[in-house]
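Hi everyone, thanks for coming. Have a look at the structure on the screen, and I'll talk you through a few parts of it.

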Amino acid sequence: MPTNARARAPVRPEVWVNCAASADGRIAYAGGRRALLSSPEDLRRVQGLRAESDAILVGVGTVLKDDPSLRVHWDLLGRPEDGPRTRVVVDSTGRTPPAARVLDGSAPTIVAVSERSARAFPAHVRTIVAGRETVDLAALFVRLRGEGLRRVLVEGGAEILGRVLRAGLFDRFTIYYAPSIIGGATAPPVARGPDAGPRDRGTPLRLAALDRLGEGYVATYLPSGPDASVIRDGDSPPAEVPP
Ligand SMILES: NC(=O)c1ccc[n+]([C@@H]2O[C@H](COP(=O)([O-])OP(=O)(O)OC[C@H]3O[C@@H](n4cnc5c(N)ncnc54)[C@H](OP(=O)(O)O)[C@@H]3O)[C@@H](O)[C@H]2O)c1
């Protein structure tokens, strides 16, 4: 990107994408039923990623299926508590259930909605409006950076991963591949979304590392090609993947 274009581009946080998949690239069981694909070693690795992030982001589909707490389990890391991380839910119309764990007030929480949402959330939840019909993720990332969040960990699910990865809105993408096959017709893949046009050749990635982790392995990818629509804050190299 030319220097003057870089100077004009809005700044987003550093975005790390992480998920766990079966060897055939599914991130849950049939119909989206939660699959515990991470091994104990991978659970620790993910907690390390959360601890290194300022915010942890998921789509409302993941909240509806998994009801995650999105908190850092410091006990798994063997480290003293270092405060909660901000939780971010991408939820165009406000479908997050009132009893969802992400709304329990135990950590700063942001729900990103579109202009279509008329939902009122509890006072401790911050709402960001970004986008008309669905949440505009590029705009949301810029807003999150404006909130002081410098590193965002995107954990899923399939639609959010598909959108973030295909749009090149990330700096590092790690997948833990579990030694299992899920198969079937409705188990969600790593990246889901609308079909691309006939000339589409996919989003290129650069393989940066391949590490065995217990019985599975972790693939680390970096973006490749000029497809990032906004620049990240600073030019620091991607951080090391915690062991
Ligand atoms: N293995 C793993 O690492 C892992 C991690 C997390 C989740 N999962 C699995 O992933 C599955 C959930 O994935 P999912 O695809 O159903 O849901 P999702 O990706 O978590 O959320 C998708 C929803 O986000 C909302 N959204 C708003 N703006 C969007 C945008 N710009 N782009 C994309 N989505 C946008 C849409 O709902 P609205 O239109 O209503 O806003 C959309 O339906 C579950 O089965 C869960 O178990 C696996």
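**Around the ligand**

Let's start with the ligand: 31 residues surround it, the closest being Gly59, Gly61, Ser92, Gly156 and Gly157. A residue counts here if its C-beta atom, placed from the backbone, lies within 6 Å of the molecule. Please keep in mind that this is a predicted model, where local features need pLDDT of at least 70 and side-chain atom pairs count only at pLDDT 80 or more, while totals for chains, interfaces and linings use all residues. Residues are numbered from 1 along each chain as its sequence is written.

Which element gives the most to this shell? That is helix H3, with 5 residues. Strands S2, S3 and S7 and helix H6 are also among the elements that supply at least two residues each. Helices (H or I, at least four residues) and strands (E, at least two) are DSSP runs, numbered from the N terminus.

Now the core. The largest nonpolar core has 52 residues, and Ala112, Val154 and Val164 touch the most other members. Such a core is a set of buried Ala, Val, Leu, Ile, Met, Phe, Trp, Tyr and Cys residues joined through C-beta atoms within 7 Å. Strand S2 brings the largest share of this core, 6 residues.

Last stop, helix H5, residues 137-146: its buried residues are Leu137, Leu140, Phe141, Leu144 and Arg145. Buried means that 20 or more other C-beta atoms lie within 10 Å of a residue's own, with C-beta atoms placed from the backbone. These five lie on the same side of H5, because they cover an arc of only 140° around the axis, taken from the directions from the helix axis to the C-beta atoms.

Methods:
Buried ≥ 20, exposed ≤ 12 C-beta atoms within 10 Å, placed from the backbone.
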